[in-house]
Amino acid sequence: MSTPRRARIVILPGDGIGPEVTAEAVRVLQAVAARFDHDFTFETALIGGAAIDETDDPLPSATLETCRAADAILLGAVGGPKWASHPTVRPEQGLLRLRQGLGLYANLRPIRTHPALAGASPLKPDRIANVDIMVVRELTGGIYFGEKEEGAERASDLCTYTRKEVERVVRLAAQLASDRGGRLVSVDKANVLATSRLWRQVTTELLAEEFPALDLEHLLVDAMAMHLIHRPSAYDVIVTENMFGDILTDEASMLAGSLGLLPSASLNGEALGLYEPIHGSAPDIAGQGIANPYGAIASAALLLRHSLDLSREALLVERAVDEAIAAGALTRDLAAHAPSALSTAQAGEAVLAQLDRY
């Protein structure tokens, strides 16, 4: 039994389906707290389009300060066409500024396939068997944060990395690989990009000095995109820069069968972390109660593990999600593989029912 833990958790529901899926994740966290005698308090704050509507700012200063004082943060999603024509701000700016403001430099995206969902992936079942990959994406550098020039005739985005930025995210990835299968793949575009050549050099030097026992492989991003489809089970931990990680993990979500299944954790090397499903705000289905909450619930499990040091509780939540899926408790995005589609709330109830069995 874990020692009772007190924690202040900030909920950022955001936009679109964000409020719906975070509500189910909060229910699971409340159930965990009740079961193990933890004291979790929840505080809701604004981000993204919802914050623009209220304050004309995608990340109000009050939200940032509230997050800085928290033990962990759970985010739903940001964005949507409603705010596309705003003259100066976009919902996504709030998320980028939050990552920078909290120093969240590493994004962990675990990708596991479930036997019950072998038919949900567009890949053949034998290709996705036994896939268990951890992608570590650098989160506060690169082209997303570089200087920008916008214009009707010319535009530019500057991609910059420093040795320190590369070292800290590669070191974290190497630590994870040391605790897993001992294999690390570093992804870059060193045949074209100067930043990638720095990335490759720093990675090689750091592993030789600090992690000589690890098996290190360098792959170009286009080759990695191919291998993720051709032989995904060959990979354990993958580390890469910001934009490459964003693209590759969306591609890799198809291994699992749906974007709605996958969680993420954004970390700064300390206890505070930001946890969110990797899917977007899905405005086309927002408010219908049909969104898949499993990615948000799995993100809550990562929150328990990485910010609250509650590994046993995290494992139980992940097991409950797996067993709910195995029992056929699936939402519309996976309904072709179940007798009928569940609502968001019903899927959450299925996880809670599994938790009650333990």
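Predicted model: local features only at pLDDT ≥ 70, side-chain atom pairs only at ≥ 80, totals over all residues.
Reader: Why are helices H8 and H9 called roughly parallel?

Author: The axes of H8 (residues 221-230) and H9 (residues 242-256) come within 10 Å and cross at roughly 10 degrees. Angles under 35 degrees count as roughly parallel, so H8 is roughly parallel to H9. The crossing of H8 with H9 is right-handed.

Reader: Which residues make the contact between H8 and H9?

Author: H8 contributes Val-221, Met-224, Ala-225, Leu-228 and Ile-229, while H9 contributes Phe-244, Leu-248, Glu-251, Ala-252 and Leu-255. By class, nine residues of this contact are nonpolar, none is polar and one is charged.

Reader: What puts the buried residues of helix H2 on the same side?

Author: In H2 (residues 48-55), the residues Gly-48, Gly-49, Ala-51 and Ile-52 are buried. They cover an arc of only 160 degrees around the axis, and therefore lie on the same side of H2. Helix H4 (91-102) is included in what covers the buried residues of H2.

Reader: Why is Asp-56 called partly exposed?

Author: Its relative accessible area is 47%. Buried means under 20% and exposed means over 50%, with partly exposed in between, so Asp-56 is partly exposed. Asp-56 is placed in the loop between H2 and helix H3 (61-68), and has a positive phi of about 65 degrees although it is not a glycine.

Reader: What makes Asp-309 count as exposed?

Author: The relative accessibility of Asp-309 is 65%; exposed means over 50%, and Asp-309 therefore counts as exposed. Asp-309 is in the loop between helix H10 (294-306) and helix H11 (311-326). Although not a glycine, Asp-309 has a positive phi of about 55 degrees.

Methods
Residues numbered from 1 in each chain as written. Heavy atoms only, no water. Axes fitted to C-alpha atoms, helices over the stretch in contact; angles between N-to-C directions. Helix = DSSP H or I, 4+ residues; strand = E, 2+ residues; numbered from the N terminus. Parallel < 35°, antiparallel > 145°, perpendicular 65-115°, else oblique. Left-handed = near helix turned anticlockwise from the far one by under 90°. Contact = heavy atoms within 4.5 Å. Nonpolar A, V, L, I, M, F, W, Y, C, P; charged D, E, K, R; others polar. Buried < 20%, exposed > 50% of the residue type's maximum accessible area, 1.4 Å probe, protein only. Arc of directions from axis to C-beta.
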